[in-house]
Amino acid sequence: SSAASDVYKRQITFLHEWMEEHIPQIKVTRTEGTYLVWMDFRGLGIAEENLKDFVENRAGLWLDGGKMFGESGSGFQRINVACPRKTLEKALTQLENAVKNL
């Protein structure tokens, strides 16, 4: 429905703005019509084989690793923004804290 897509658009706008302000090293891919957003972690300088550990164990998040979608997905993680704003903010704050502790 269009109501849902408006919510996703607001969430995605929030995600882009939040990441630019707090973790500019991680680039957020521009997406249309989906609540799944790719984030490029390559700017953190974490080796692909350590990225899953960083996201899951340091940030405490469960994202989709891009590598499972092929070699070109290496260094990318996919976040689902179809969740309450508070949940998204909490996830991003956990990610920010993990990046600060790198």
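This briefing describes the overall build, the nonpolar core and the salt bridges of one protein.

The structure is a predicted model, in which local features need pLDDT of at least 70 and side-chain atom pairs count only at pLDDT 80 or more, while totals for chains, interfaces and linings use all residues. Residues are numbered from 1 along each chain as its sequence is written, and side-chain values use heavy atoms, with hydrogens and water left out. The protein has three helices and four strands. Helices (H or I, at least four residues) and strands (E, at least two) are DSSP runs, numbered from the N terminus.

**Overall build**

- From the N terminus on, the order of elements is α-β-β-α-β-β-α.
- The radius of gyration is 13 Å, close to the 13 Å that the globule rule gives for 102 residues, so the protein is as compact as a globular protein of that length. This radius is taken over C-alpha atoms, and the globule rule is 2.2 Å times the number of residues to the power 0.38.
- Along the principal axes, the C-alpha atoms fill a box of roughly 40 × 30 × 20 Å.
- Of the 102 residues, 37% are buried. Buried means under 20% relative accessible area, exposed over 50%, and partly exposed in between (1.4 Å probe, protein chains only).
- The accessible surface comes to about 6200 Å², and carbon and sulfur atoms hold 50% of this area. Accessible areas come from the Shrake-Rupley method with a 1.4 Å probe; for residues, only the protein chains shown count as cover.
- Among contacts with a separation of 6 or more, 61% join residues 24 or more positions apart. Contact means heavy atoms within 4.5 Å.

**Nonpolar core**

- The largest nonpolar core has 27 residues, and those with the most contacts inside it are Met19, Met39, Phe41, Phe54 and Leu95. Such a core is a set of buried Ala, Val, Leu, Ile, Met, Phe, Trp, Tyr and Cys residues joined through side-chain atoms within 4.5 Å.
- Two or more residues of this core come from each of helix H1 (2-22), strand E2 (36-40), helix H2 (48-58) and helix H3 (85-100). H3 gives the most, with six residues.
- Beyond its neighbours within four places in sequence, Met19 is in contact with Pro24, Ile26, Val28, Met39, Leu92 and Leu95.
- In soluble globular proteins, nonpolar side chains tend to be buried together.

**Salt bridges**

- The whole structure holds six salt bridges. Each is a side-chain nitrogen of Lys or Arg within 4 Å of a carboxyl oxygen of Asp or Glu.
- Arg30 and Glu20 form one of them, with their closest N and O atoms 3.9 Å apart. Arg30 lies in the loop between strand E1 (27-28) and E2 and Glu20 in helix H1, so the pair ties together parts that are ten residues apart in sequence. Both Arg30 and Glu20 are exposed.
- Glu96 pairs with Lys100, the closest N and O atoms being 3.6 Å apart. The two residues are four apart in helix H3, which puts about one helical turn between them. Glu96 is buried at 12% relative accessible area, whereas Lys100 is exposed at 59%.
- Arg42 and Asp40 meet through their side chains in a salt bridge (2.7 Å, N to O). Arg42 is exposed, with a relative accessible area of 51%.

**Asp40**

- Asp40 belongs to strand E2 and counts as buried at 13% relative accessibility.
- Leaving aside neighbours within four places in sequence, Asp40 is in contact with Gln25, Ile26, Lys27, Gly75 and Phe76.
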